[in-house]
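Thank you all for coming; I would like to take a few minutes to go through one model together. Please have a look at the sequence and the structure before I start.

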Amino acid sequence: MSLKLTLHTTPDVPLEVDVIAPDKLAGKSVSEIENLPVYHGNQRATLGDFFKVQGGANGEIELAGDLGRVKHIGAGMASGRLLIEGDVGMHVGAAMTGGEIVVKGNAGDWAGAEMQDGRLIIKGNAGHLVGSGYRGSPIGMQGGEIIVFGNAGNEVGGAMRRGLVAVGGNAGDFTGVNILAGSVIVLGQLGWRTAAGMVRGSVVSMHDAELLPTFSYACTYQPTFLRLYLLHLRSLGLPIKDEYITGKYQRWSGDAVQLNRGEVLLFEN
């Protein structure tokens, strides 16, 4: 039996629970888990003050309840699987280095921020700054995968170094801002100022987009790497059409302020 944590007391203010990760709870008894420290606002509390703990720590955790005000779930997670039944608060999967997190609802801001490896799947919508670096940090996501089935907010993949972010719906403004490397694939519409300050990497959309004047048209072609990514995303459940896989894409080089080493790929309908 996997470990099940059920929220029994809804927090009045954000509850920080970075102790909830399979590798951090491994080998602990129910009593030990209930007594782990958490922060309710600026007040120290225990996990048992808010969660009912059942089962055993076997590398998989199931979370249930209204978790919209619960932050840092799976932060720094290194291994195992975390299944969240519903919405979740900010910073889910931040700085994770391995394992898999599945959110069967919406996620708050900073989902997968500065993650290094592993996989974060969000079945609903995500907030701002998915896979981005924190303010003042020069590097965001450094590896792994973030898959958002719904829409995402502003600054998706900001300053990411490597890895893959895929959004099944629309993305907000500044998608791929200051991206250093890696790929951001958006099946829906892009917002304003896409890939501003891009150094390298790829931002892809299946729709036309208004790009900054510092991007210039290079060619229209069939990128081989994108075909492999799209087949992979289809296997994970994203609605990838055949024409996305076999079609051609306009390649726009940019950002010119960073010597045009990156690219924005727009599907040619």
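I will talk about the salt bridges, and then about one alanine.

First, a word on the basis: this is a predicted model, in which local features need pLDDT of at least 70 and side-chain atom pairs count only at pLDDT 80 or more, while totals for chains, interfaces and linings use all residues. Residues are numbered from 1 along each chain as its sequence is written, and side-chain values use heavy atoms, with hydrogens and water left out.

How many salt bridges does a search of the whole structure find? The search finds 7, where a salt bridge is a side-chain nitrogen of Lys or Arg within 4 Å of a carboxyl oxygen of Asp or Glu.

Let me begin with arginine 81 and glutamate 100, whose side chains meet in a salt bridge at 2.9 Å, N to O. This pair links distant parts of the chain, 19 residues apart, with arginine 81 in strand S8 (residues 81-85) and glutamate 100 in strand S9 (residues 100-103); strands here are DSSP runs of E, at least two residues long, numbered from the N terminus. Glutamate 100 is buried, because its relative accessible area is 19% and buried means under 20%, exposed over 50% and partly exposed in between, with a 1.4 Å probe and protein chains only. Arginine 81, by contrast, is partly exposed, with a relative accessible area of 29%.

Glutamate 100 also forms a salt bridge with arginine 119, the closest N and O atoms being 3.5 Å apart. Here again the pair links distant parts of the chain, arginine 119 in strand S10 and glutamate 100 in strand S9, 19 residues apart. Salt bridges that share partners join Arg81, Glu100, Arg119 and Glu145 into one network. Arginine 119 itself is partly exposed, at a relative accessible area of 24%.

Then there is lysine 104, which pairs with glutamate 85 in a salt bridge whose closest N and O atoms are 3.7 Å apart. Lysine 104 sits in the loop between S9 and strand S10 (119-122), whereas glutamate 85 belongs to strand S8. Both count as partly exposed, lysine 104 at 44% and glutamate 85 at 33%.

Leaving aside neighbours within four places in sequence, alanine 64 is in contact (heavy atoms within 4.5 Å) with Lys4, Leu5, Thr6 and Leu7.

Technical notes: Helices (H or I, at least four residues) and strands (E, at least two) are DSSP runs, numbered from the N terminus.
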